Amino acid sequence: MRHRAAAALALAGALALTACGGSDDGSAQLSVGAAYMPQPVSDLAAGFLTITNDGDAADRLTSVSSDVAGQVTVHETVDGAMREVESLDIPAHGSLVLESGGNHLMFEQLKRKPKQGQKVSVELRFAHSDPVTVELPVKPATYRPTTGH
């Protein structure tokens, strides 16, 4: 009986490690972290987060929506200039960082101004992966993270 329990425990541990590793089917494995929105001071707001891809295939962030805004657009910043783009790449075994002063989300035509302490729900859509819904905590307008972005 003790041998069976040890074997079952070993199998469970091996399965758990497999689930944490890269994908075997050549697909993207996306997760989202470090998400936040500075409290808006106008009818626009920005959103920041990191999308990590632990999978063997690249993907692209293609669109974003939120019930707090009429439109959410994806922007890149190159040489200090911001411009809307159709998508942003998420490399295999890499990440896409959306940060202040860099690539980011723009919430336009705000239906309400979220306040510090609230959360804003956002749906991220990708070229190949299923959509992901993320809750962005609203931080002070002057918030700057000390780690991450």
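## Exercises on a predicted model

Glu 99 lies in the loop between β7 (94-98) and β8 (104-110); strands (E, at least two residues) and helices (H or I, at least four) are DSSP runs, numbered from the N terminus. The model is predicted, so local features need pLDDT of at least 70 and side-chain atom pairs count only at pLDDT 80 or more, while totals for chains, interfaces and linings use all residues. Residues are numbered from 1 along each chain as its sequence is written, and side-chain values use heavy atoms, with hydrogens and water left out.

**Exercise 1. Describe the chain as a whole.**

Step 1: the secondary structure comes to one helix and ten strands. From the N terminus on, the order is α-β-β-β-β-β-β-β-β-β-β.

Step 2: of the 149 residues in the chain, 34% are buried. Buried means under 20% relative accessible area, exposed over 50%, and partly exposed in between (1.4 Å probe, protein chains only).

Step 3: take contacts (heavy atoms within 4.5 Å) between residues at least 6 apart in sequence; 70% of these join residues at least 24 apart.

**Exercise 2. Find the aromatic pairs and classify them.**

Step 1: a pair of aromatic rings is described by the distance of the centres and the angle of the planes. Rings of Phe, Tyr and Trp (its six-membered ring) pair if their centres lie within 6.5 Å; planes under 30 degrees apart count as stacked, over 60 as edge-to-face and the rest as tilted.

Step 2: the count by this rule is two aromatic pairs. In one, the ring centres of Tyr 36 and Phe 48 are 5.2 Å apart and the planes stand at 45 degrees, so the pair is tilted. This pair links distant parts of the chain, with Tyr 36 in strand β1 (residues 30-38) and Phe 48 in strand β2, twelve residues apart.

Step 3: Tyr 36 also pairs edge-to-face with Tyr 143, at 4.9 Å centre to centre and 75 degrees between the planes. Here Tyr 143 lies in the segment after β10 (132-139), 107 residues from Tyr 36.

Step 4: Tyr 36, Phe 48 and Tyr 143 form one aromatic cluster. Tyr 36 has a relative accessible area of 3% and is buried, whereas Tyr 143, at 27%, counts as partly exposed.

**Exercise 3. Which residues lie nearest the centre of the largest pocket?**

Step 1: a pocket is an open set of points on a 1 Å grid over the protein atoms alone, where a 1.4 Å probe fits, with protein on both sides within 12 Å along at least five of seven lines; lining residues have an atom within 4 Å of a point.

Step 2: the lining has 17 residues, and Pro 38, Ala 45, Ala 46, Phe 48 and Ala 141 lie nearest the centre.

Step 3: strand β2 (residues 45-53) gives the largest share of this lining, three residues.
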